[in-house]
Amino acid sequence: MNAPIKPSMLSAVQALAPEFVGIRHQIHAFPELAFEELRTSDLVAERLQSWGYEVHRGLGSTGVVGRLKKGQGSRSIGIRADMDALPIQEKTGLPYASTLSGKMHACGHDGHTAILLCAARYLAESVDYSGTLNLIFQPAEENEGGALRMVDDGLFEQFPCDEIYALHNTPGLPVGQIGMITGPAMASFDRATVTLTGRSAHGAMPHHGIDVMQAAASIVLGLQSLVSREVDALKSAVITVGSIQAGATYNIVPESATIKIGIRALNPEVRNQIETRLRDFVSAQAQSYQLQADLLYERKYPVLVNHAAQTERAREVAAKLLGADNVVTRGPVMGSEDFAYMLEHRPGAYVRLGNGLGQDGGCMVHNPLYDFNDKALPIGAAFWASLAHSYLQ
């Protein structure tokens, strides 16, 4: 049975929040891309050590894990925050805007890091529990699979966790609300690079060549039938052609073309089906146009699946903290998240933290005008503190 949440927990965390808003702004001003999070990990490690955590560095290259054991309890819980930024030129004009050209915290990972640090201090100084708290500060969530690197480096062998949790800020969800869903919550993400090789020719005499442009156009158009006519309409999948690169001028049939494709699915079987059919389809198209096709298919992030018991635990904690009306069903979405790797190894849940609406936190992530909403910071920190206290009490 879950322990009751201390009524003063949210107000106590709110009293700490200004310090961590300042830390968030500091991280925001100096964004670091995947596996470059040296300054950020230094800050995280220094703060955790000052609050009495046992700090371990190096998992996943620039990852940091803070462990704090209290009492004699055998239970252990892991909470993860991502630290990396994006290669985007910031356009917010904020006083704490990025000082580094072409780098920006456009997904709110600065907020996630500050939230977990705030919770870390509160849990260390103000909460009695019996068990082990593992706070995981992960590098390289954006495209590079830092979660898998940490798992492969022995994260759960060195820091056993009965359960594992993470959150992400969500523009469009009001501040003060938390959303979640049991089961598939975020899509898998794979990418395919198709290189077509034909024969170049003068544009006036295309019959002397083998036209890769014709084949590329046919492939791009035909790919959508793999979803619309072959995947069950009740099972979501998306195929996106993000890039076609071929030729350089008006009057030359190019020799080669490269097509870059993103593939997402909410069901592992659908994921496998699309890979098989995409390979067959590209091969058949190449044969029909009498040219060569080379396909590089890369499996990236798996489907993120929230476990039922842990999602219910998170829901109960959030309801006690914020009120049942402020806990909503949210998802699934076709975006992807490498926390899915951790959920393949330990039961847990990934929840959505309201970032606000309209001009007050509603700007979508991965946008040069985005900013994490500081009003959400104490909500997230109090949720983490409540969840850890509930499980380890």
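This is a predicted model: local features need pLDDT of at least 70, side-chain atom pairs count only at pLDDT 80 or more; totals for chains, interfaces and linings use all residues.
**Sheet, packed helices and nonpolar cores**

The UniProt annotation "domain: Peptidase M20 dimerisation", taken from an unreviewed entry, covers residues 192-288.

An open sheet of four strands was found, with the order S10-S12-S8-S13 and antiparallel pairing. Strand S10 (237-246) and strand S13 (292-301) form the edges, each pairing on one side only. From one strand to the next, the twist averages 15°. Strands of a sheet pair through backbone hydrogen bonds, and the pairing may be parallel or antiparallel. Strand S8 (residues 188-197) and strand S12 (residues 256-265) run antiparallel and are joined by ten bridges. Within this pair, valine 194 of the span 188-197 stands opposite isoleucine 259 in S12.

Two helices pack on the sheet. Helix H6 (residues 212-223) touches S8, S10 and S12, and its direction makes about 10° with that of S12. Helix H8 (residues 268-288) touches S8, S10, S12 and S13; the direction of H8 makes about 165° with that of S13.

The largest nonpolar core has 69 residues, and those with the most contacts inside it are Leu48, Tyr53, Leu133, Phe137 and Trp384. Helix H11 (residues 377-392) supplies eleven residues, the largest share of this core. Leucine 133 touches, among others, Tyr53, Leu68, Ile77, Ile79, Leu123, Ala388 and Leu392, with residues up to four places away in sequence not counted. A second, separate core has 27 residues, including Ala215, Val231, Val270 and Phe281.

Definitions and conventions
Residues are numbered from 1 along each chain as its sequence is written. Side-chain values use heavy atoms; hydrogens and water are left out. Two strands pair if DSSP finds at least two bridges between them. Axes are lines fitted to C-alpha atoms, for helices over the stretch in contact, and angles run from 0 to 180 degrees between N-to-C directions. Contact means heavy atoms within 4.5 Å. UniProt positions are given in the numbering used here, feature names are shortened, and annotations may be inferred rather than shown by experiment. A nonpolar core is a set of buried Ala, Val, Leu, Ile, Met, Phe, Trp, Tyr and Cys residues joined through side-chain atoms within 4.5 Å. Buried means under 20% relative accessible area, exposed over 50%, partly exposed in between (1.4 Å probe, protein chains only).
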